[in-house]
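Dear colleague,

My notes on it follow directly after.

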Amino acid sequence: MTFPLIPENLLQKSDKILFIAHLALGDYTYLQNCFHAFAQAYPHLQVHLWVDEVRRTADAAEWPHLENYALYDWVDASACFAKVYRRTYSPALYRDSIAEAQREHYPLVVSLATLRPHLYAALARAVSPQGFVVGIKSRVPLLQPQHYLAYRKIDAALLPYSVDRANVQHISAVYAGWFRQLCGLEVAPAARLPFVDIPESWRLQARERLAAWGFAPRAGKLVFINPYAKTHKRCWPLERVAELIAAMQDRDGWRDACFVVNAVPQELAKARAVIAGYGLARAELFSAEENFFQLPALLAECELIISVETAVMHLANAVHVPVIALMRQKNPEWVPIDAARSTVITAQRRRDWVKAISVAEVMAALP
């Protein structure tokens, strides 16, 4: 296999490129650096982004939630993208988006999809029947030759990544490696650190919220705790959050601390009942229901962030606030990248979920 995958003369004569990806907030936290570096290296190219919704469904009741996915607020605020395809959450809108993309006649399409990459190879070719298509190619299962047929639709293949536990490569290095393969672009380690440009209006709203809670001005530190992730394996029980707050408020240096507990909208009622049941002082619930930037704006006001393995622990690095990250052993490539500001507590056994981490372990990790 030769690199770069995209011929330089094709990059120079093309006017636009489409990247296809199924993005979570954590993915974009690190991929955005690569997109920005690519846009700066090829300023004549319009960079378009297809955000594919893997939760796509025909159930109309799910559409409002999917339509307002917080990632879109962040992507839309970026000056990097000339166009973003974000209406892929229903079968009909997915078909409409394909037709819309076909009308663009993309000379270059790159799929960065790691889940079911054979399907995205077919999608990339459907979007651009005549263009140069690059996609991730995984090993073809013995009894699924249709994968091989899908991969025949692409012109060049990106190497997929696998975790080498003897020499773990951070996810930001994996993403940088993809762009090195694509066009020889070097994204230096210092340029891989996450960042988020928070509009001043959302910073002001965060300060007003803290004042309304009685947390500004305050005597002690402000601690943000996020126990929620997309899967139960990565969540931490709310009861343990309450026990942690009580334990911290009983320790010197944290007695006057104020706590913000992050809760996904569908869990707010339950979280409110659990937290209230412990009679905790200076503890409030929070959910970024209006806009993505509500979250990093509030994180930036904190002195400490405690989070399970989800986007919050990476955003903590982006806003330069110390973080205690609660993780399983399964995905060591996803540890927060800023080691100086990050303390990682890993569940002891490979099969353990995050809930196996005790309050005592978190207390022992407090600065």
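Predicted model: local features only at pLDDT ≥ 70, side-chain atom pairs only at ≥ 80, totals over all residues.

Cysteines. A search of the whole structure returned zero disulfides. For Cys 183, the closest cysteine sulfur belongs to Cys 34 and lies 9.9 Å away, which is too far for a bond, because a disulfide requires two cysteine sulfur atoms within 2.5 Å. Cys 302 likewise takes part in no disulfide, its nearest cysteine sulfur being that of Cys 258, at 10 Å.

Surface charge. Where on the model does positive charge gather in a patch? The patch is on the surface and consists of Arg 165, Lys 233, Lys 330 and Arg 350. Of these residues, Lys 330 sits in the loop that runs between strand E11 (323–327) and strand E12 (342–346). Lys 330 has a relative accessible area of 44% and is therefore classed as partly exposed, since that class lies between the limits of 20% and 50%.

Helix H6. This helix covers residues 117–127, and eight of its 11 residues are buried, so H6 is largely enclosed by the rest of the structure. The buried residues of H6 are Pro 117, His 118, Tyr 120, Ala 121, Leu 123, Ala 124, Arg 125 and Val 127.

With kind regards

Note on methods. Residues numbered from 1 in each chain as written. Heavy atoms only, no water. Patch = residues over 30% accessible without salt bridge, like charges linked within 9 Å, V, L, I, M, F, W, Y side chains within 5 Å. Areas by Shrake-Rupley, 256 points an atom, 1.4 Å probe, with all protein chains shown as cover. Salt bridge = Lys/Arg side-chain N within 4 Å of Asp/Glu carboxyl O. Lys, Arg positive; Asp, Glu negative; His and termini not counted. Charge placed at Lys NZ, Arg CZ, Asp CG, Glu CD. Helix = DSSP H or I, 4+ residues; strand = E, 2+ residues; numbered from the N terminus. Buried < 20%, exposed > 50% of the residue type's maximum accessible area, 1.4 Å probe, protein only.
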